Amino acid sequence: MSVTVDLRLMASRVAAGDAAAYRPIVEHTQARLFRLAARMMGDLGDAEDALQEAYLKAYRAMAAGRYDGRAAVTTWLTRIVANACIDALRRRNEGPQEPKHEPRFDGGATADARLALRELESRMAALPPTQRAVLILRTVEGMSTEEVAKVLEISESAVMQRLVRARATLRGERDESESSDHEES
Amino acid sequence: MKNPEHDPDLERLAAATDGLAPGAGFADAVMQAVERDLEPHALDEALARISAATDGLVPGEGFAGAVMSAVERIEIAPASEVAPPSVLGGVARHGRWALVGALAVAAACAGLAVREATEFDDAVVALDLPELE
């Protein structure tokens, strides 16, 4: 049996000071957002950290009345999670490599899922975080160009541009590795 | 005198190239190239496979509880209690401290004045002046 949760109503309660009203929002959105964070980060432990950070940031904004209701709650949260992941990826790229840690709340990820995330990470490693976000949202999450534009608050043409650049970068990477393989053989 | 901004050669070239426009099919060709670039290829197949393999990912059972514990540790005034910033609000906030400061200065001045007056009276008494008739 599925339970319909009026997320806008819950958001207005949070804004009125009812912190407990945030729980149904988290419970209703966590699966989808965890998947997004895992795909963006390519790692379950990092996904958990980014998602928790995003949920806290969203709560602070919601409680301070900064959720204006113009976008759906899920779209608004997706934006915050995507941005938290982009920031985390930037920190990962710029800072020293931290050892990977296992997720604290093991959701029972299958071996296939873990392998797929590892493959995704190795394929996306060369991309700047903003291009990576567009490619993941559009291709892996299956969002339309319009939805991606709404989530990232950029124009649809900017989405297309980043998508083309991301593919070009990955193609360049592939050609480079193929030519180096060829030279080695 | 020759006007440096008036160059007949450049004007001629500008006029000659003014009518340049891409051929009728240019925009279509660009869009076809973009679409070709977006067509499914090996990368998309791999990403579709990865998407399917990670579709069942969910956070562990304690995740929402951990988020809520962290949320409960945050103390935020509800939006309804947060007054929008205003000039009067700013004056009220900073004015309160100004008033406290002014009162403190006034109290110190009053204390000094009383002390000075007392010392003056004592000095007058110490002079032991003759009484005026």
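Visitor: What do the buried residues of H4(B) pack against?

Guide: In this predicted model, they pack against helix H2 (22-41) and helix H3 (44-63) of chain A. Buried means under 20% relative accessible area (1.4 Å probe, protein chains only), and helices are DSSP runs (H or I, at least four residues), numbered from the N terminus.

Visitor: Which are the buried residues of H4(B)?

Guide: B:Phe63, B:Ala64, B:Ala66, B:Val67, B:Met68, B:Ala70 and B:Val71.

Visitor: Thanks! How many residues does the contact take from each chain?

Guide: Chain B gives 33 residues and chain A gives 47, with contact meaning heavy atoms within 4.5 Å. The two chains bury about 3600 Å² between them, 71% of it on carbon and sulfur atoms; that is the accessible area (1.4 Å probe) lost on being put together, summed over both.

Visitor: How many salt bridges are there across the interface?

Guide: The rule finds three between chain B and chain A, taking a side-chain nitrogen of Lys or Arg within 4 Å of a carboxyl oxygen of Asp or Glu. One of them joins B:Asp44 and A:Arg167, at 2.8 Å, N to O.

Visitor: Switching topic, what is the secondary structure of chain A?

Guide: Chain A has eight helices and zero strands. Of its 185 residues, 46% are buried.

Technical notes:
Residues numbered from 1 in each chain as written. Chains lettered and ligands numbered in written order. Predicted model: local features only at pLDDT ≥ 70, side-chain atom pairs only at ≥ 80, totals over all residues. Heavy atoms only, no water. Buried < 20%, exposed > 50% of the residue type's maximum accessible area, 1.4 Å probe, protein only. Helix = DSSP H or I, 4+ residues; strand = E, 2+ residues; numbered from the N terminus.
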